[in-house]
Every structure is written in structure tokens, then in C-alpha cells.
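Subject: Structure handover

Hello,

Here is the structure I said I would pass on. Please open it next to this email and follow along.

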Amino acid sequence: MSEEERKKITIPYLYRKKEEGEKISWLTAYDYPTALYEDRAGIEMILVGDSGVMTMLGQKTTLPATMDQMVWMTQAVTRAVKYAFVVGDMPYMSYQATSEEAIYNAGRFMAECGVDAIKLEGGAQMADRVLAIVKAGIPVIGHIGMTPQFAAQLGGYKSQGRDAETARRLIDDARILEDAGAFAILLEAVPAKVAGIIVKEASIPIYSIGAGSECDGQLLIVHDILGLFELFKPKFVKRYAELGEEMVKVFTRYKKDVKTEKFPGPEHCYNIPEKEFEKLKNKKDGEN
Ligand code: KIV
């Protein structure tokens, strides 16, 4: 599709694609160049995830992410994006305490960053937050299954819904989030068959990060697909490149060029016209 034919992606587009059975491509981004190239590649949705504090800032979990950091990263992404549907990710404790705080912080993503929607973690226990944010006019994506902000309660970073009881709870959570007004739901690390039931029961798009192929679209963390994250590699990740290794090769070559004085070459240096240089050399001390 040419640049002129492309249109900004909206919620009606996401619903239409669900109806047509066409899967949505979704990646995270946390900075200007990554968002620019994802948008150029036609990626339809971009999540500015709180995972950014791990992938970009080296934190061990997402819990230290602050609203100010999220706003800073999200602004860089929306500056780059022309077409993709951009989702701001509500960080830990930006919505858990009260609905007022949840509305205020979701509003920051809209007003200060220009996102198309926000995402928050949690099922039934977050239904009133979803309702409050939606009532304030902000589109919400629910996020259930393995929800990193609730890892302490979930007993760690484990796939969820692998027994009948917890699977039933996830199915109920999805229905409750839809009833509360979420326009889409993201399932993380959920068995594909359980996700399949949720997709069949829901009338809103159900997206997957590690929830199998029956979902309406797939999300992955961009650093995972590029080979730029080494702390762990979830089962659902597909690596498309080893850019970390490529970067080490490039930096090694650069270092060698500097040491051997291969860089800079004449093409990297600025010139002064010969006449001016002669004048400079012939100039005596104290002369103007
Ligand atoms: O922060 C993030 O990138 C996320 C995904 C793991 C779903 O929430």
C-alpha cells in the first residue's frame, strides 16, 4: 500500500479486521527511531509498554516504571508515528489505588502524549477502574493472564490458566472487562485452547502475547524479536534477528578503525580552502 493510501488506524479498523478474520500486527516501541521504522513497516499497533524500563533502562522488573518515564517514552513514539494505533501502558500504582488517580494518569497519556488508547493489567478486580476511565472518554485495553505487575500474587512470571479453575477465572475476567467497557483485551502467556474459548465468547478483539493463533492479533516485545534483550526469553518469543550480536561486531570494527587510524578518512574531515590555510600559516603573531 502506498503512503497516500494509508490511513491512521482507529478502533473501527481493528473491529473490521476482527470481523474479516485478518490478524493484527502489534509490537512494543519506546523510542523515536524504533516507532518510526515500525510505522514505516506497516505495523498496525504499537504498545509503549512499561517493559520499557527493563528493555531500555535495565530494570529487573516493570514495577519501578513511573508515569513520568512512561510519558517521556510515549511522547517520543507518538512524535514518530503517522498511522499505527498507539497504546500507552499504565505503570504500576498509576491506577491501582483509586479511580480518580486512574483517570488522571490515563488522561496524561491522552493529553500529553496523544495516544489512541491505554492498557492496564488485571481482570475482575480492575473492572471499576476500566469503567471509570472509559466513562472519562478514554479507550481501554484490558490485560489478563500473566500480568507482570501482579507477579507477586501470581507466584512469579508463569503462564496462567493451565488448570480448569484458573482457566475459568480468565474466561470470566475477559467477560467482566468487556462488560466494563474495554474495547479489546490482551492475553499474556495463556494456553492457546483457553484463549480460543475467550475469542469465541467475546465480541471485542482479543489479542495475544503468548496466547496462540486463534487470537485476533499478535503482540511481541520489539527487543525480543530483534535479539536485544538477554535477561530471559519467554517460550512465545520468536527471534527475527540477533541485533545485539551485530552491534558488538559493529562496535568492534569501529574500535579497530580508531586504533589503526583507518577512521576518520579524508571523506570524514572538513576542508579549509588552500588559500585560507596558507594565509593562516603565514600570519605572524599579533597580526589581525
Ligand atoms: O509492558 C509491556 O510490554 C507489556 C507486554 C508484556 C504485554 O505489558
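Below is what I found in it, topic by topic.

One thing to know at the start: this is a predicted model.

Start with helix 6, which runs over residues 127-135. Which of its residues are buried? They are A127, R129, V130, A132 and I133.

**Two helix pairs**

Two packed helices are described by the angle between their axes and the distance between the axes.

Take helix 5 and helix 6 to begin with. Their axes come within 9 Å. They cross at roughly 50°. Angles under 35 degrees count as roughly parallel, and 65 to 115 as roughly perpendicular. The crossing is right-handed. On the helix 5 side, the contact is made by S99, A102, I103 and A106. They meet D128, R129, A132 and I133 of helix 6.

Now turn to helix 6 and helix 8. Here the axes are 8 Å apart, and the angle is about 25°. That angle is under the 35 degree limit, so helix 6 and helix 8 are roughly parallel to each other. This crossing is right-handed. Helix 6 brings A127, V130, L131 and V134 to the contact. Helix 8 brings I176, L177 and A180.

**Salt bridges**

Side chains of opposite charge can pair when their charged atoms come close. How many salt bridges does the whole structure hold? A search finds 17. Here are three of them, each within a helix.

- D172 and R175 form a salt bridge, with the closest N and O atoms 3.5 Å apart. They are three residues apart in helix 8, so about one helical turn separates them. D172 is partly exposed, at 25% relative accessible area. R175 is partly exposed too, at 42%.
- K17 and E20 meet through their side chains, at 3.4 Å from N to O. Both lie in helix 1 (residues 11-20), three residues apart, or about one turn. Is K17 buried or exposed? K17 is buried, with a relative accessible area of 11%. E20 is partly exposed, at 49%.
- K281 and E278 pair as well, with their closest N and O atoms 3.6 Å apart. They sit in helix 12 (residues 274-282), three residues apart, so about one helical turn lies between them. E278 is partly exposed, at 32%. K281 is exposed, at 52%.

Some bridges share partners. K17, E20 and E22 are joined into one network in this way.

**Two residues in strands**

Find E121 in strand 4 (residues 117-121). E121 has a relative accessible area of 1%, so this residue counts as buried. What does the E121 side chain reach? It reaches the backbone nitrogen of Q149, at 2.7 Å. Setting aside residues up to four places away in sequence, E121 touches D50, Y95, M126, H143, T147, P148, Q149 and F150. For a sense of scale, take L57. E121 and L57 are 64 residues apart in sequence and 21 Å apart in space, C-alpha to C-alpha.

Then go to S25 in strand 1 (residues 24-28). S25 has a relative accessible area of 24%, so this residue counts as partly exposed. Leaving out neighbours within four places in sequence, S25 is in contact with G42, I43, E44, M45 and Q218. S25 and I46 are 21 residues apart in sequence, and their C-alpha atoms are 8.8 Å apart in space.

That is the handover.

Best wishes

How values were computed: Residues numbered from 1 in each chain as written. Predicted model: local features only at pLDDT ≥ 70, side-chain atom pairs only at ≥ 80, totals over all residues. Heavy atoms only, no water. Helix = DSSP H or I, 4+ residues; strand = E, 2+ residues; numbered from the N terminus. Buried < 20%, exposed > 50% of the residue type's maximum accessible area, 1.4 Å probe, protein only. Contact = heavy atoms within 4.5 Å. Polar contact = N/O pair within 3.5 Å; in protein donor to acceptor, adjacent residues only side chain to side chain. Salt bridge = Lys/Arg side-chain N within 4 Å of Asp/Glu carboxyl O. Axes fitted to C-alpha atoms, helices over the stretch in contact; angles between N-to-C directions. Left-handed = near helix turned anticlockwise from the far one by under 90°. Parallel < 35°, antiparallel > 145°, perpendicular 65-115°, else oblique.
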